[in-house]
Amino acid sequence: MEKKKVAVFLVNGFEEIEAVTPIDLLQRAGINVDTVSITKDNLVESARRMKILADKIIDDIDFSEYDMLILPGGPGFKNYFDSQLLLDKIVEFSKDVENKKVAAICAAPTVLSSLGILEGKKAVCFPACEEDLLKGNPILTRERVVKDENIITSRSAGTALDFALEIISELLGKKEAERIADEIVCK
């Protein structure tokens with residue numbers, strides 16, 4: 001089986017748990033993870049002023065190498081709109097149901113909704129963002145994490161483990177997700 005590869009996009013103001021938890025668990029599962037800054041600077045500052053040095057900047061990546069694009073939420077989620085390239089690629093990935101996947105957590109599913117890719121799909125987001133999410137006509141649920149076709153959405157920092165495990169399940173199968181959950185004693 002070909003090794004899976006994901007890009008976790010970091011914007012100034014990202015939620016730390018929503019980025020670092022998936023990075024950690026996906027790497028434990030053997031998935032290649034690149035952290036990607038959407039600016040011309042590798043240094044990205046989180047919501048609580050933690051500085052993270054991203055592996056790459058968006059202008060230097062080849063999107064065709066990735067199986068999934070992951071968007072952490074946080075108060076800086078609107079910064080995703082500063083990269084038209086990223087927005088275009090999210091739409092492109094969302095349409096390639098057989099081969100590509102998109103995952104977003106907390107406030108970031110509202111970005112997907114604004115792009116029209118959640119219309120008619122089950123989705124979830126941070127409770128305070130539900131009004132914005134609904135503008136894209138998804139089927140709003142209150143689950144911790146939701147998968148509909150090739151799109152995964154999750155509710156908040158408190159669901160970051162569930163989010164990461166669902167991504168692993170989607171890319172490598174339920175058995176691998178269960179192995180990682182057992183390894184970190186999360187059940």
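This section describes the sheet, the helices and selected loop residues of a predicted model. In this predicted model, local features require pLDDT of at least 70 and side-chain atom pairs count only at pLDDT 80 or more, whereas totals for chains, interfaces and linings use all residues. Residues are numbered from 1 along each chain as its sequence is written, and side-chain values use heavy atoms, with hydrogens and water left out.

Helices (H or I, at least four residues) and strands (E, at least two) are DSSP runs, numbered from the N terminus. Two strands are said to pair if DSSP finds at least two bridges between them. Strands of a sheet pair through backbone hydrogen bonds, in either a parallel or an antiparallel sense. In the model, seven strands form an open sheet with mixed pairing, in the order β5-β2-β1-β6-β7-β11-β10. Its edge strands, β5 (56–57) and β10 (145–148), each pair on one side only.

Strand β1 (residues 5–10) runs parallel to strand β2 (residues 32–37), and six bridges join the two. Within this pairing, K5 lies opposite N32 of β2, and F9 has V36 of β2 as its bridge partner. Strand β2 is mostly covered, as five of its six residues are buried. Here, buried denotes a relative accessible area under 20%, exposed one over 50%, and partly exposed a value in between (1.4 Å probe, protein chains only).

Strand β11 (151–154) pairs with β7 in the parallel sense over four bridges, and V102 stands opposite I151 of β11. With β10, by contrast, β11 runs antiparallel, again through four bridges, and D148 has I151 of β11 as its bridge partner. Two residues separate β10 and β11 in their hairpin, where E149 takes a positive phi near 55°. In a regular strand the side chains alternate between the two faces of the sheet. Both faces of β11 are covered: I151 and T153 on one side, and I152 and S154 on the other, are all buried.

Helix α1 (residues 16–28) lies across β1, β2, β6 (68–71) and β7 (101–105), and runs at about 155° to β2. Helix α2 (residues 84–95) lies across β1, β6, β7 and β11, running at about 125° to β6. For these angles, axes are lines fitted to C-alpha atoms, for helices over the stretch in contact, and the values run from 0 to 180 degrees between N-to-C directions. Contact means heavy atoms within 4.5 Å.

The twelve residues of α2 should span 16 Å at 1.5 Å a residue, and the end C-alpha atoms are 17 Å apart, which agrees. The buried residues of α2 are L86, L87, I90, F93 and S94. Viewed down the helix axis, these buried residues fall within an arc of 125°, so they line one face of α2; the arc is that of the directions from the axis to the C-beta atoms. They pack against β1, β6, β7, α3 (109–114) and β11.

Helix α5 (residues 160–172) has 13 residues, which should span 18 Å at 1.5 Å a residue; its end C-alpha atoms are 18 Å apart, in agreement. Among its buried residues are F163, I167 and L171. Just after α5, G173 takes a positive phi of about 105°. Two packed helices are described by the angle between their axes and the distance between the axes. The axes of α5 and helix α6 (residues 174–183) come within 7 Å and cross at roughly 145°. In this pair, L165, I168, S169 and L172 of α5 meet K174, E176, A177, I180 and A181 of α6.

G158, in the loop between β11 and α5, is exposed, with a relative accessible area of 55%. The C-alpha atoms of G158 and L171 are separated by 22 Å, the two residues being 13 residues apart along the chain.

Most residues other than glycine have a negative phi. N137, although not a glycine, has a positive phi of about 60°. This residue is found in the loop between α4 (130–134) and β9 (139–140), and N137 is partly exposed at a relative accessible area of 47%. V185 likewise has a positive phi, near 55°, in a residue other than glycine. V185 is found in the segment after α6 and counts as exposed at 66% relative accessibility.

Notes: The expected span of a helix is 1.5 Å times one less than its number of residues.
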